[in-house]
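Visitor: Please take me through the features of a model, and tell me how each one is read.

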Amino acid sequence: GRLNVKIGGQLIHTHSFGPITAYGSIYKTMSTTYTCTASGPYELFISIYRQEYSNTCVEVCVDNVSLKPQTQSLAVTPNDLSASAGGLANFTFDVGPTYAGKGYIIFASMSGSYPGLPVPPVTIHLNWDFITDLTLSMVIGNAFPFGAFHGTLDAQGKALPTFTLPGGNMVPASAALYFGGIVYDPAIGNAIIHSTLPSYLLFTP
């Protein structure tokens, strides 16, 4: 038979076992941390597939399961700006020293982050829409209101982008702008090698 563990539709662990003899048992403890890269929402799904034998009982016991979110690799402070007053939002793009010296881009959308845009081997956690198209040249060129949305990660794999919202109700109150980042490698044809979890910015009155 086989024991499968899935989170968010992503298979994170599988364990195969052979025929079960009479009065025999299989006991397996997993204490490893598994990383799920699938987009949310998340749910834990544990299933067991087995071949039936007469007078055989197969039991699965699950205990001490904990689910912890990944460290947010694209964070924004504050999470809201006043549409009437405007303001500055400071981003932290932090994917670690593994990606030091690689290129990065942050895209914007008003259509949310799920299910996102598959660009194998990753998924950009953003729904590409007209805002993404409209702001793409500004993002690539780091033009106002996008500061350092495109560039090279430092030795720690970090960047500090900014977003400046002009006052005067330039955007509708209660709207939200979603952001998703990618890391690309210029050494291999600008191939996308990593994507961040999404962040959002809410516009208040």
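Guide: What follows goes from the overall fold to the core, the helix and some individual residues.

Guide: The model is predicted, so local features need pLDDT of at least 70 and side-chain atom pairs count only at pLDDT 80 or more, while totals for chains, interfaces and linings use all residues. Residues are numbered from 1 along each chain as its sequence is written, and side-chain values use heavy atoms, with hydrogens and water left out.

Visitor: What share of the residues is buried?

Guide: Buried means under 20% relative accessible area, exposed over 50%, and partly exposed in between (1.4 Å probe, protein chains only). Of the 205 residues in the chain, 36% are buried.

Visitor: Which residues in the largest nonpolar core touch the most other members?

Guide: A nonpolar core is a set of buried Ala, Val, Leu, Ile, Met, Phe, Trp, Tyr and Cys residues joined through side-chain atoms within 4.5 Å. The largest one has 33 residues, and Phe93, Phe163 and Phe179 touch the most other members. Elements giving two or more residues to this core include strand 6 (87-94), strand 7 (103-109), helix 1 (130-140) and strand 14 (176-185). Beyond its neighbours within four places in sequence, Phe179 has contacts that include Leu74, Phe91, Phe107, Phe149 and Tyr200.

Visitor: Where do the buried residues of helix 1 lie around its axis?

Guide: The buried residues of helix 1 are Ile131, Thr132, Thr135 and Val139. They fall within an arc of 90° seen down the axis, so they line one face of the helix; the arc is that of the directions from the helix axis to the C-beta atoms. The face turned away from that side carries the exposed residues Phe130, Asp133, Leu134 and Ser137. The cover over the buried residues includes strand 7, strand 10 (146-147), strand 11 (150-152) and strand 14.

Visitor: Which side chain of opposite charge is nearest to the buried Asp129?

Guide: Lys and Arg count as positive and Asp and Glu as negative; His and the chain ends are not counted. A salt bridge is a side-chain nitrogen of Lys or Arg within 4 Å of a carboxyl oxygen of Asp or Glu. Asp129 has none, and the nearest side chain of opposite charge, Lys102, is 29 Å away. Asp129 sits in the loop between strand 9 and helix 1.

Visitor: Which peptide bonds are cis?

Guide: The bond from Pro120 to Pro121 is cis, with omega near 10°, and so is the bond joining Phe144 and Pro145, with omega about 10°. Pro121 is in the loop between strand 8 (117-119) and strand 9, and Pro145 is in the loop between helix 1 and strand 10.

Methods
Helix = DSSP H or I, 4+ residues; strand = E, 2+ residues; numbered from the N terminus. Contact = heavy atoms within 4.5 Å.
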